[in-house]
Structure formats: C-alpha cells, structure tokens
Amino acid sequence: MTAFHNRVFSGVQPTGNLHLGNYLGAVSRWVPLQDQMETIFCVVDLHAITAGFPDPATLRHATREVTAAYLAAGIDASKSIIFNQSQVREHAELAWIFNCVARMGWLNRMTQFKEKAGKNKENASVGLFAYPNLMAADILAYRATHVPVGDDQKQHLELTRDIAAKFNNDFAASIKELGLGVPNPTPSPETPEQVYFPLTEPMIAGPATRIMSLRDGTKKMSKSDPSDLSRINLTDDADAISKKIKKAKTDPDALPSETDGLKDRPEADNLVGIYAALAGMTKQDVLGEYGGQQFSAFKPALSDLAVAKLSPMTDEMRRLMGDQAEIDKVLKDGAERASAIAEPILKDVRRIVGFLELR
Ligand code: AQP
C-alpha cells in the first residue's frame with residue numbers, strides 16, 4: 001500500500017428511537033458520501049450496553065430499527081456496507097489493544113463520560129469509561145480516513161487520532177521491519193516515516209451539527225432525554241411531529257433577518273437550523289424568507305416541511321420493519337463484507353504488537 005485508501009466509517013447506537021438530531025447530524029449526511037468513497041455504516045450494538053444492558057428483545061428490535069432507518073434514509077446496501085458491530089469480532093479485539101494504548105488521563109477528560117456518568121461516577125460501568133477506545137477501534141479496524149458525525153463526537157474523534165498517533169509512534173520500528181506501513185501523509189521530525197493507522201478526518205459540517213432539545217435550547221436532542229416532547233423521533237407520525245413543533249419552547253420575539261440576531265436565542269437558532277437542514281438551505285436563506293415573522297407563522301411552515309421530509313422515510317421504515325428477513329439479510333451480508341476488511345488489518349496489528357501466531 002502506498003497511501004491510505006479513502007474510506008468512510010460511521011455508526012449509531014441502537015439505544016432507542018432515532019431522532020431528528022441523529023438523522024440531520026449524521027445519517028442524512030452519509031447518503032451523498034456513498035458516491036464519493038467506500039462507505040461503512042455500523043449499528044454499534046456493543047456501545048449500546050455501556051450505560052446498562054437493555055432488555056435483550058429490545059436491543060434486537062432497536063438494532064433492526066436503526067438498520068431500517070439507514071435504509072429508509074437512502075443508505076444503499078449495494079453501495080455501502082451495513083452491519084451490526086457485535087458480528088465483527090475485530091472491533092472488540094482492537095478495543096482491548098487500544099485500552100492499553102490510551103492513557104487514563106486522556107479518558108478522564110472526556111466530557112461525554114462526565115455527562116453520562118453524572119454524579120454517580122463510581123457506579124458507572126468500565127465500558128462507559130472505555131467507550132471512546134471502542135469507538136477508535138470501530139474506525140481503525142477499517143483504517144477509515146473519514147468519519148461523518150455530529151458535533152458531540154468531536155472530542156472522541158480527537159482521541160481516535162491520539163490513539164492512532166501513539167500506536168504509530170510506539171510501534172514505528174515494528175511497522176517498518178514488517179513492511180506494513182504507509183508513507184506518513186503528514187511527515188514531521190517527531191513522527192515516523194511509515195505509519196500503520198491514518199489520522200482520521202472528522203467530517204462535522206452544515207447547519208445541523210448539533211440539534212438541540214425542543215424543550216431546552218441549551219441541551220442536545222438525545223434519545224435518552226426522559227421527555228419525548230424534547231425530540232422528533234423518526235417513527236413519529238405527522239400529528240406527533242406537528243404537536244411537538246407547536247409545543248417547542250421559543251422566545252416572544254419575531255425572527256431576526258440576519259444570523260447575528262440568533263445569538264443568545266438558542267431555541268430560535270435551533271428551529272431555524274432544523275428548517276435549514278431539512279430544506280437544504282443556509283440559516284441566512286431561511287431568515288431571508290422568514291425574518292420579521294412571528295413563531296406563530298414560522299412553526300406551521302417548519303411543521304409542514306418536517307412532515308413532508310420525514311413521512312416517506314417513516315413509511316419505508318414501517319414497511320421494512322414488517323420484513324425482518326430483508327433487514328437480517330442486509331446485516332448478514334454487511335458483516336461478511338466488513339469482516340473481509342477488518343480481519344487482515346487485525347492480523348497485521350497482532351504481528352506489529354508481537355503476538356505469536358501459530359495458525
Ligand atoms: N442532537 C444531535 N444533533 C446532531 N447530531 C447528533 N447525533 C446525536 N445527537 C445529535 C449524532 O448522531 C450519531 C449517532 O449518535 P449515537 O446514537 O451513537 O449516540 P449519541 O451521540 O450519544 O446520541 P444520543 O441521541 O444522545 O443517544 P443517547 O441518548 O443514547 O446517548 C453521532 O454521529 C452523533 O454525533
């Protein structure tokens with residue numbers, strides 16, 4: 001190999017219904033990438049057990065539902081690899097090696113762990129703490145070069161780069177001796193000439209990198225928020241979508257005509273961002289149309305747009321969920337194709353680290 005092969009990896013946890021944030025921040029942005037690079041999309045079920053084991057039947061259902069959402073959103077199983085993480089053993093194996101590469105201090109800085117563990121840190125699972133190492137393994141088991149995600153994953157992607165860089169440095173001699181490296185695309189006096197893992201590029205862009213809760217514009221829209229009114233689920237029907245947008249928290253002022261006027265107005269900023277992302281416009285374009293209008297006029301327009309965009313997807317998800325065999329076939333085929341990439345990479349990694357292989 002003379003250079004890293006451009007390859008996209010991303011995933012969503014099957015921890016509940018997918019919401020508008022997952023769709024706009026991640027899945028919808030994956031669709032055009034399918035025609036630009038090799039794409040791998042994973043349903044990350046090993047991550048779904050880090051905050052407590054869900055009921056097994058619920059986990060199986062959610063795994064199929066996330067797969068149905070991928071397909072309904074336009075991920076094409078003939079172009080992309082779609083699979084569930086637990087079926088490719090290399091993720092867990094590489095995560096263990098990365099547990100020994102990453103430093104406690106690095107993980108102690110992860111804000112998502114602090115938020116999810118809350119005050120009861122001592123009672124959080126070790127898996128929740130080591131979650132970012134598994135995420136690094138998910139990406140690097142494919143030597144993926146690009147990862148499209150929402151803004152909340154930025155810190156985890158920086159950690160992935162740190163892990164890749166430390167592995168490349170620590171094992172520079174072994175990588176060179178075995179002839180398994182790629183010329184370092186960003187050479188410097190401190191880094192080796194040959195590296196094994198790429199420093200993955202985060203792809204975080206557009207008007208919807210962080211969709212906020214409909215009830216509180218300072219909190220991220222999230223599957224685990226106890227209030228269902230805080231999010232639009234991809235399984236919501238038109239009535240539910242309209243009701244949630246109608247009840248969405250706002251301030252009493254009219255919409256501004258310039259994006260500067262959205263500063264310090266988190267709820268207004270969020271609704272304008274959602275409109276922009278759904279319509280494929282910029283926030284400034286949306287304000288060009290709605291600036292000066294009250295939320296009583298803007299909310300019905302947003303509601304109509306959301307229903308028009310999401311309903312066909314919801315219908316397709318429902319159809320797919322009625323055909324479990326079709327979903328399982330996609331996942332099985334995807335797992336085989338994913339394994340075919342990850343197995344030789346882990347074989348290399350075992351050799352680089354020095355594990356004695358006798359078969
Ligand atoms: N609110 C959001 N706005 C934009 N993007 C978002 N993502 C999540 N929430 C938003 C992006 O969706 C992808 C999958 O996320 P995940 O399911 O793996 O985990 P998460 O980020 O922890 O999502 P949730 O909804 O908050 O789940 P819970 O409540 O289970 O923790 C990622 O690309 C993420 O950036």
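1. The side chains of His91 and Tyr142 are joined by a polar contact of 2.8 Å, where a polar contact is a pair of N or O atoms within 3.5 Å, one of which, within protein, must be able to donate a hydrogen and the other to accept it, residues adjacent in sequence counting only if both atoms are side-chain atoms. This is a predicted model, in which local features need pLDDT of at least 70 and side-chain atom pairs count only at pLDDT 80 or more, whereas totals for chains, interfaces and linings use all residues. Residues are numbered from 1 along each chain as its sequence is written, and side-chain values use heavy atoms, with hydrogens and water left out.

2. His91 belongs to helix α3, residues 90-99; helices (H or I, at least four residues) and strands (E, at least two) are DSSP runs, numbered from the N terminus. His91 has a relative accessible area of 0% and is therefore buried, the classes being buried under 20% relative accessible area, exposed over 50% and partly exposed in between, with a 1.4 Å probe and protein chains only. Once neighbours within four places in sequence are left aside, the residues in contact with His91 are Phe9, Cys42, Leu46, Phe83, Gln85, Leu134, Ala137, Asp138 and Tyr142, contact meaning heavy atoms within 4.5 Å.

3. On the strands, β1 (residues 7-12) has five of its six residues buried, so β1 is largely enclosed by the rest of the structure. Strand β1 runs parallel to β2 (residues 38-43), to which six bridges join it, and Val12 stands opposite Val43 of β2; two strands are taken to pair if DSSP finds at least two bridges between them. Strand β2 is in turn joined by five bridges to β3, again in a parallel arrangement, with Ile81 of β3 as the bridge partner of Ile40.

4. Strand β3 (residues 80-84) is mostly covered, five of its five residues being buried. In a regular strand the side chains alternate between the two faces of the sheet. In β3 both faces are covered, with Ser80, Ile82 and Asn84 buried on one side and Ile81 and Phe83 buried on the other.

5. His5 is placed in the segment before β1 and, with a relative accessible area of 40%, is partly exposed. The side chain of His5 makes a polar contact of 2.7 Å with that of Glu38, and the contacts of His5, leaving aside neighbours within four places in sequence, are with Glu38, Arg143 and Thr145. Between His5 and Arg143 the C-alpha to C-alpha distance is 8.3 Å, although the two are 138 residues apart in sequence.

6. Two backbone values deserve a look. Arg143, in the loop between α6 (126-140) and β4 (146-148), has a positive phi of about 45 degrees although it is not a glycine, and Arg143 is buried at a relative accessible area of 8%. Asp264, in the loop between α9 (238-247) and α10 (266-279), likewise is a residue other than glycine with a positive phi, near 65 degrees, but Asp264 counts as exposed at 80% relative accessibility.

7. Glu201 is in strand β7, residues 201-203, and counts as partly exposed at 40% relative accessibility. Not counting residues up to four places away in sequence, Glu201 touches Thr145, His146, Val147 and Arg161.

8. Asn270 lies in helix α10 and is buried, its relative accessible area being 6%. The side chain of Asn270 reaches the backbone oxygen of Met212 at 2.8 Å, and Asn270 also touches, residues up to four places away in sequence not counted, Arg210, Ile211, Met212, Ser213 and Leu214.

9. The last point concerns helix packing. The axes of α2 (residues 56-73) and α13 (residues 324-353) come within 10 Å and cross at roughly 85 degrees, which makes α2 roughly perpendicular to α13. Axes here are lines fitted to C-alpha atoms, for helices over the stretch in contact, with angles running from 0 to 180 degrees between N-to-C directions; 65 to 115 degrees counts as roughly perpendicular, under 35 as roughly parallel, over 145 as roughly antiparallel and the rest as oblique. Arg64, Thr67, Ala68 and Leu71 of α2 make the contact with Gln324, Ile327, Asp328, Val330 and Leu331 of α13. These contact residues divide into five nonpolar, two polar and two charged, where Ala, Val, Leu, Ile, Met, Phe, Trp, Tyr, Cys and Pro count as nonpolar, Asp, Glu, Lys and Arg as charged, and the others, Gly among them, as polar.
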